[in-house]
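Work through the exercises below with the sequence and the structure at hand. Each task is followed by a solution in steps.

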4 protein chains.
Amino acid sequence: MTFTFLGPAGTFCEQALLSLPGTEAEERVPAVSVDSALAAVRAGEVDAAMVPIENSVEGGVSATLDAVAHGDTLQIVAEALIPITFELLVRPGIERLEDIKIISTHGHAWAQCRGWVEANIPGVSFLPASSTAAGAMGLLDPECTYDAALCSPLVSQNTALRVLRQGVEDHEGAVTRFILVTRPGAMPDPTGSDKTTAVVTMTDDHPGGLRELLDQFATRGVNLTRIESRPTGGGLGQYFFSLDLEGHLNEPRVADALAGAHRMSADVRFLGSYPSATPLASKVPAHASSEAYRAAGDWISRLRRVGRGED
Amino acid sequence: MTFTFLGPAGTFCEQALLSLPGTEAEERVPAVSVDSALAAVRAGEVDAAMVPIENSVEGGVSATLDAVAHGDTLQIVAEALIPITFELLVRPGIERLEDIKIISTHGHAWAQCRGWVEANIPGVSFLPASSTAAGAMGLLDPECTYDAALCSPLVSQNTALRVLRQGVEDHEGAVTRFILVTRPGAMPDPTGSDKTTAVVTMTDDHPGGLRELLDQFATRGVNLTRIESRPTGGGLGQYFFSLDLEGHLNEPRVADALAGAHRMSADVRFLGSYPSATPLASKVPAHASSEAYRAAGDWISRLRRVGRGED
Amino acid sequence: MTFTFLGPAGTFCEQALLSLPGTEAEERVPAVSVDSALAAVRAGEVDAAMVPIENSVEGGVSATLDAVAHGDTLQIVAEALIPITFELLVRPGIERLEDIKIISTHGHAWAQCRGWVEANIPGVSFLPASSTAAGAMGLLDPECTYDAALCSPLVSQNTALRVLRQGVEDHEGAVTRFILVTRPGAMPDPTGSDKTTAVVTMTDDHPGGLRELLDQFATRGVNLTRIESRPTGGGLGQYFFSLDLEGHLNEPRVADALAGAHRMSADVRFLGSYPSATPLASKVPAHASSEAYRAAGDWISRLRRVGRGED
Amino acid sequence: MTFTFLGPAGTFCEQALLSLPGTEAEERVPAVSVDSALAAVRAGEVDAAMVPIENSVEGGVSATLDAVAHGDTLQIVAEALIPITFELLVRPGIERLEDIKIISTHGHAWAQCRGWVEANIPGVSFLPASSTAAGAMGLLDPECTYDAALCSPLVSQNTALRVLRQGVEDHEGAVTRFILVTRPGAMPDPTGSDKTTAVVTMTDDHPGGLRELLDQFATRGVNLTRIESRPTGGGLGQYFFSLDLEGHLNEPRVADALAGAHRMSADVRFLGSYPSATPLASKVPAHASSEAYRAAGDWISRLRRVGRGED
């Protein structure tokens, strides 16, 4: 199998990919953007792409949420959670914090370390980079116009770049969730602790539409772990919902809830059922168990048989 | 076919039975109570029983609601609505209202005419009778101890009893709804304007249980036309619900809602789908149409096929 | 104070009245019906009436539910739960069950003992009486035309009538709930375990109306302990709801929920807050506590003060 | 009054500020970020800040959503909707699209024009700029290292920079919504077409929590026009909700719904009621009108007065 990820080498995204068993030995092609990574999957150039979907501090990754919601359907087959911690790397010659005048990194990294930077290197300037790793690798260039970079520990592990400070993120314990995306095909088997991701666009944007959608899940005892509204592009106030729920398409309550959402909405895009990276806490209520579904289905079948005079 | 009904001849219940096409030519056996009428059906002594289920003034008929909820399962195959109007019949010798000292009739009839009686025959006494027709027929007995009876117009049409006043009911326009009950078997075909009756006993009597039950119907776009709570007999505060809904078991939204109720409750008893006696007003929402169900079912099937690697 | 109750002396209803402290020493006037008992209260002829509202086997008492829902407003100030057990009393000369040919009692009592009677005195006839006590007292009449009566143990305690069997009710443990009704006036203070009774008539009978009504209570954390639909008299399918809820009008969550119901409905009739006869089981959720209400009210007031430029 | 906005001069944000009556004559200080703009308001250095909150294509502006949700409370007093259209400006010497090798602009602008750029200038590179206006103004620098910029039409109106193409955005009709933020104080009066913005953090992240929150608004007939989940920073799966609703704090239904949310949640932050930039479409249901609130409030007051024996 061949993989792509948000490159270059050394990003948190590569780290997420390497956290999955068996990926280290496979071909890994860096991509310059979420869009190009997913385009490579859609075009069949690679088998799978690892991309970020949400961060516990920054929230949803719009580029990913939108890219998987539109275009040829894709499928999520795995997720990985990566603790986000930043190192401050410096170019040769920089010894102390007060020597740093310009820091280059990706906007997301800057957002997550800005408090520390303002407190510790007051007056420093920010130069946007296309990725955290790109900003760091630029320090190796003798003509580098900036002094430092903020990036994943993966970079210093693989280069001679000097680490001036570790753990410079503002929010200790931040985590980014990444998803592994393939073309539609065989789905991971249920493990008993699975997530399902879907995108729902309501038929019309009437008051109470979201509540009606949530009712479809609640009445089937299906718990949502994430819900984000994203604009459809049709104008302010027109949203679709990206959501994760607990359970696997093969479980009847999940299929029943998704079918309910399908009937209520202009479009539901199923994006896959896959093992949760962490054990799921919530219990399936008795009325939503597969056994309850089987019993109710049998009951209806029997009633209909009797009603046709067959029993 | 043989039928039973709440007798004797001349009751509103016989009138309801005769309102169904083809019943006049069939054998009709009067029963002394709802329980005995339904027992005769259960025992196979008759094919069907006509019994009252609700009155637009008096409300639900507890005897019927309870009798169909317990014991061997029965099936409702038709309903009939009978306008309830009462005549005041008198025994020979009574010429004027002021001559009437005692009126005998069934307690339900008394309840529906009491206002008129108190206004027009002040001071009169009430003697309970086992049925309106029985009270009226007693007037033919030379030793009758009362002076008048309140009953259906059917009685005076078939006897020589004198009608002193017509339309003595307090609520003009009152209607009683009767149901025709058989043993379980072939169900009437959907007509596009059908009702379904069911009895639901909740698993436990937790706060909000009724709301959760209603959610099962509402999320499938199924409209309830009647809901009554009845005690389970297990103690105050423990109820089951008797309900009518719009639609037929053969419609997927109805089967889906009943299956949802089945999963949530200790017991659901299906009592039949049958043509509504009056055209149903409410529209099926687009998301609950059979077409929407078919499309959603196809979608789930396709997703699962793809997920098994078959597509 | 003067009281009325469903008479004659010796009914379960008198027993209920006597179960309230201090009533034994007061004047007690029997009434012949729920309507006449309540009319006496409305007319100021008595101060309070004790009437049955529901039975754990037979369900709601329609006469009471309807009478308190219409006419001049009344107020429930207390409730009493009376275990219902029946004795079989016989007239002098009757020694054995097989001597009994005719039993007289009130229809409700008959309904609650019919199973025992059919099993133990097969073939016996039923003669309706206006009350259980009236049926029993008739046995003292030398010209009594029936042999036995079914009634409350209170009768044999106060007469010389012979008890042939005790505990002849079909459902062991049956309970009737009675309410003490006055003209509107000072309300019992909250005790921490109170009930509130109200009658709600929806504005229009649209699908989902009941669910919307229940939402008004659920969103305020108010638990309903009883809900019954009763016809408005306007035609089949037109109902009002009689309901009991946990809590007292003086609690903000109860007032808030009732105000919500008031806004949604054509009419809400408040029938009183009074101590529950049994301790209430369910907990008030934190979000519905009086403290949460106070804090939220203060917050809104402060926001509005700031918004007016006053803070 | 003094204002700040996302600078430099010529941004869409300045355009939004200038769209409000009377702002042109006032002092306008550009800010380098949403955070610094809001910090200037909080510190009292300026009276108000105009910042973007959502775009009809890109969605919510996380920096703004998070900044107004935390720190000292701020107040939204106005909103402005600005159509987003981009011009392609070039440095002197560039005559044709094929001469362009590098384009500099803000990441958001790049995201909104990328389709057009890839179709029309294949192979071009993207150089992130700190703002669209900054990227454009850089073209005036003789040593500019890039060839073109994507920015608001406001820039070309005020500079000699050459416009090579207009309307290069991918989504025609895109709109950004900006909000004018002040320190808490006097609130705009209700206009009959108002919005209210609030931030709600649930007490605990239990399944169904969002649905319960929506119930608080729905039962008061309050329509939400925007809802976005944002991470609290406490870990994946822990969200707060940023929401806009139709109506003004001075309307009882809005105050009642916010009070309900306050009781249910760990924290509700009120961010202001202000005139909607466009007329609001949805009708207030009859049960949520101020008149219905007044009537229900009067009814409760009267019941309580009677209950205290005062009436």
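**Exercise 1.** In this predicted model, find how far apart the C-alpha centres of domain 1 of chain A and domain 3 of chain A lie, and describe the side of domain 1 that touches domain 3.

Solution.
1. Chain A is split into domain 1 (1–84 + 176–184), domain 2 (87–166) and domain 3 (187–311).
2. The C-alpha centres of domain 1 and domain 3 of chain A are 25 Å apart.
3. Domain 1 of chain A brings 16 residues to the contact, and domain 3 of chain A brings 16 residues.
4. On the domain 1 side, helix 3 (62–69) and strand 5 (75–83) of chain A each give two or more residues.
5. Strand 5 of chain A supplies the largest share, seven residues.
6. Sorted by class, this side of domain 1 holds nine nonpolar, four polar and three charged residues.

**Exercise 2.** Which residues of helix 3 of chain C are buried?

Solution.
1. Helix 3 of chain C covers residues 62–69, and seven of its eight residues are buried.
2. The buried residues are S62(C), A63(C), T64(C), D66(C), A67(C), V68(C) and A69(C).
3. Just after this helix, G71(C) has a positive phi of about 75°.

**Exercise 3.** How many residues of chain D are in contact with chain A, and which element of chain D gives the largest share?

Solution.
1. The contact pairs 32 residues of chain D with 32 residues of chain A.
2. On the chain D side, strand 11 (175–182), helix 7 (209–218) and strand 13 (224–231) each supply at least two residues.
3. Strand 13 of chain D gives the largest share, seven residues.
4. By class, the chain D side has eleven nonpolar, 14 polar and seven charged residues.

Terms used. Residues numbered from 1 in each chain as written. Chains lettered and ligands numbered in written order. Predicted model: local features only at pLDDT ≥ 70, side-chain atom pairs only at ≥ 80, totals over all residues. Contact = placed C-beta atoms within 7 Å. Helix = DSSP H or I, 4+ residues; strand = E, 2+ residues; numbered from the N terminus. Nonpolar A, V, L, I, M, F, W, Y, C, P; charged D, E, K, R; others polar. Buried ≥ 20, exposed ≤ 12 C-beta atoms within 10 Å, placed from the backbone. Domains from an automatic or database assignment.
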